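Open the model in your viewer and keep the selection tool at hand. The stops below run in order.

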Amino acid sequence: MLRLMKKVLLAYITLTLYNRQSVLSTIEKGVFMKKFFDFAKKLFKSITIAEYIIYFVSLTAIITSALLTKFAFDGIIDPVTLSASIIGVTAIILVSKGNPIGQGLTIVFSALYAIASFNNKLYGEMITYLGMSAPIAACALIVWIRHPANGNKSEVKVNQIKLKEYGLLIVLTAAITTAFFFILRELNTSQLAISTFSVATSFIASYLTARRSKFYAIGYALNDLVLIIIWATACFKSIDNLPICINFSAFFILDAYGFINWNRMERKQKKLDEEAMKNHDEQIENNAETEECSTENNHSI
């Protein structure tokens with residue numbers, strides 16, 4: 001059943017993109033579709049059954065909450081909120097695997113989330129995601145692409161940050177949070193205190209993501225808890241916000257999984273690095289022995 005769902009989804013995406021490439025020649029279409037199909041096949045193959053289960057359960061919860069909003073509470077299904085939720089969950093499942101595509105989707109999510117925040121007068125969230133999260137995600141996308149793990153472009157190399165840099169992070173977080181507090185206060189932001197704390201957790205998470213640290217997931221998990229409180233409060237004003245509240249609940253679970261998976265990635269990458277180093281040393285020894293034998297043969301001659 002799971003394989004059938006993957007094939008149907010892959011076929012739908014492939015056909016949709018194919019029809020939109022009408023400006024391309026037939027040959028160019030064939031080349032484009034082959035590359036895309038190979039890429040999509042590789043992407044879907046990299047996702048485990050457990051990750052598919054987490055992903056589809058999250059999507060089901062978000063869509064169900066949207067339907068409840070419409071039919072049980074006489075609300076409306078906000079397309080911006082629903083789109084942000086679906087794209088956000090997709091982004092996080094890919095980020096949890098260290099896939100750079102997740103950063104690209106994070107930029108799209110940030111834009112949609114900023115619109116939803118603006119509609120609810122949560123100016124702190126809007127400014128944070130447009131002015132901080134989206135730009136940092138763009139930087140992270142470039143950094144992740146430039147630092148693949150052992151030549152695997154679908155997985156970023158996990159980085160270990162030194163203690164000195166954590167000190168710098170604390171200073172930067174304090175400065176940015178203080179600046180945002182005064183800005184948000186001038187804008188009469190709803191839930192000022194918790195919105196300010198959200199800025200701090202969001203910056204820490206974004207910074208650690210760009211630096212390829214596994215602790216990014218802890219930063220985002222803390223941010224998720226803050227956002228659950230913010231949007232749960234917003235639900236009392238408008239039940240239409242229920243999907244995005246459920247969305248951040250799903251985010252919390254996915255970020256917790258992300259921390260576990262990045263630890264697994266780090267161990268795997270270290271093992272591969274050790275094997276590569278061992279092979280490199282053996283190659284050097286073999287070359288040295290070959291040169292020594294060659295020298296001895298020349299002397300004999």
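What follows is a short tour, one selection at a time.

This is a predicted model: local features need pLDDT of at least 70, side-chain atom pairs count only at pLDDT 80 or more, and totals for chains, interfaces and linings use all residues. Residues are numbered from 1 along each chain as its sequence is written, and side-chain values use heavy atoms, leaving out hydrogens and water.

**Stop one.** Select Asn 188. It sits in the loop between helix H7 (163-186) and H8; helices are DSSP runs of H or I, at least four residues, numbered from the N terminus. Asn 188 is exposed, at 67% relative accessibility (exposed is over 50% relative accessible area, buried under 20%, partly exposed in between, with a 1.4 Å probe and protein chains only). Check its phi: near 55°, a positive value in a residue other than glycine. Most residues other than glycine have a negative phi.

**Stop two.** Go to Ser 206 in helix H8 (residues 192-210). Ser 206 is buried, with a relative accessible area of 2%. Its side chain makes a polar contact of 3.5 Å with that of Tyr 220 (a pair of N or O atoms within 3.5 Å, one able to donate a hydrogen and the other to accept it; residues adjacent in sequence count only if both atoms are side-chain atoms).

**Stop three.** Move to Arg 212, in the loop between H8 and H9. Is Arg 212 buried or exposed? Arg 212 is buried, at 9% relative accessible area. Its phi is also positive, about 65°, although Arg 212 is not a glycine.

**Last stop.** Select Ile 218 in helix H9. Ile 218 is partly exposed, with a relative accessible area of 37%.

Terms used: Helices (H or I, at least four residues) and strands (E, at least two) are DSSP runs, numbered from the N terminus.
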